[in-house]
Amino acid sequence: MFELFRPTFEANSLDHISIGRLLQDGIKGLIIDLDNTMTPWNDVEVGPKVAAWFKALKEAGIKACVVSNNKRKQRVAVVADRLGIPFVFRATKPRRRAFRAGMALLGTGPLDTAVIGDQLFTDIMGGNRLGLYTILVVPMSSREFIGTRFMRQMEKAVLWLMKKASAPKPDSPKAH
Ligand SMILES: [Mg+2]
């Protein structure tokens, strides 16, 4: 089961993701989480480094869209519009349809789409369920919705277990 939580790679932040590496790996479209990946939670400001990264991405010919579980359309639209990229709000990640909606916006498929986000249980697990390339970033801020804070504790537990497990174990019967 840990395979579902294992990203293709991890990065400190969006602007630390090598565009050269994405090109090399054949990535043509990015499904990017909003809160704590592009901006601090419920903030509309995109920092200069992140803005420059998006500009370089465009120049490299890689498309991007925002796929956010945030229920407030205006909050998602403001950031996406500033960057000139399409968006999905109320996306229901980790459900597959959230990622399919992103790929439909990008015109890409499972082989050339990457998911970028700060949460194992929505972004990474959801992307992995569809066999997509997944990149885990460190959350930008600790100011989060209380439900998310609970999920962080769960994530810590999973990360700890993943480190303990030297190799993925095959599924075993529940009976003992
Ligand atoms: Mg997030």
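This is a predicted model: local features need pLDDT of at least 70, side-chain atom pairs count only at pLDDT 80 or more; totals for chains, interfaces and linings use all residues.
So, what separates Glu59 and Lys55 in helix α2? About one helical turn, because they sit 4 residues apart in that helix.

Okay, the background. Side chains of opposite charge can pair when their charged atoms come close. Searching the whole structure turns up 7 salt bridges, and I'll walk you through some of them.

Glu59 and Lys55 do form a salt bridge, and their closest N and O atoms are 3.4 Å apart. Both Glu59 and Lys55 are exposed.

There's also a network to look for on your screens: Asp33, Lys93 and Asp123 are joined into one by salt bridges that share partners.

Next one: Glu45 with Arg82. Here the closest N and O atoms come out at 3.6 Å. Buried or exposed, or something in between? Glu45 counts as partly exposed because its relative accessibility is 48%, and Arg82 is partly exposed too, at 49%.

Last pair: Asp25 and Arg21. They make a salt bridge with the closest N and O atoms 3.9 Å apart, and the cut-off is 4 Å. Asp25 has 38% relative accessibility, so it counts as partly exposed. Arg21 has a relative accessible area of 35%, so that one is partly exposed as well.

That's my tour, thanks!

Notes
Residues are numbered from 1 along each chain as its sequence is written. Side-chain values use heavy atoms; hydrogens and water are left out. A salt bridge is a side-chain nitrogen of Lys or Arg within 4 Å of a carboxyl oxygen of Asp or Glu. Buried means under 20% relative accessible area, exposed over 50%, partly exposed in between (1.4 Å probe, protein chains only). Helices (H or I, at least four residues) and strands (E, at least two) are DSSP runs, numbered from the N terminus.
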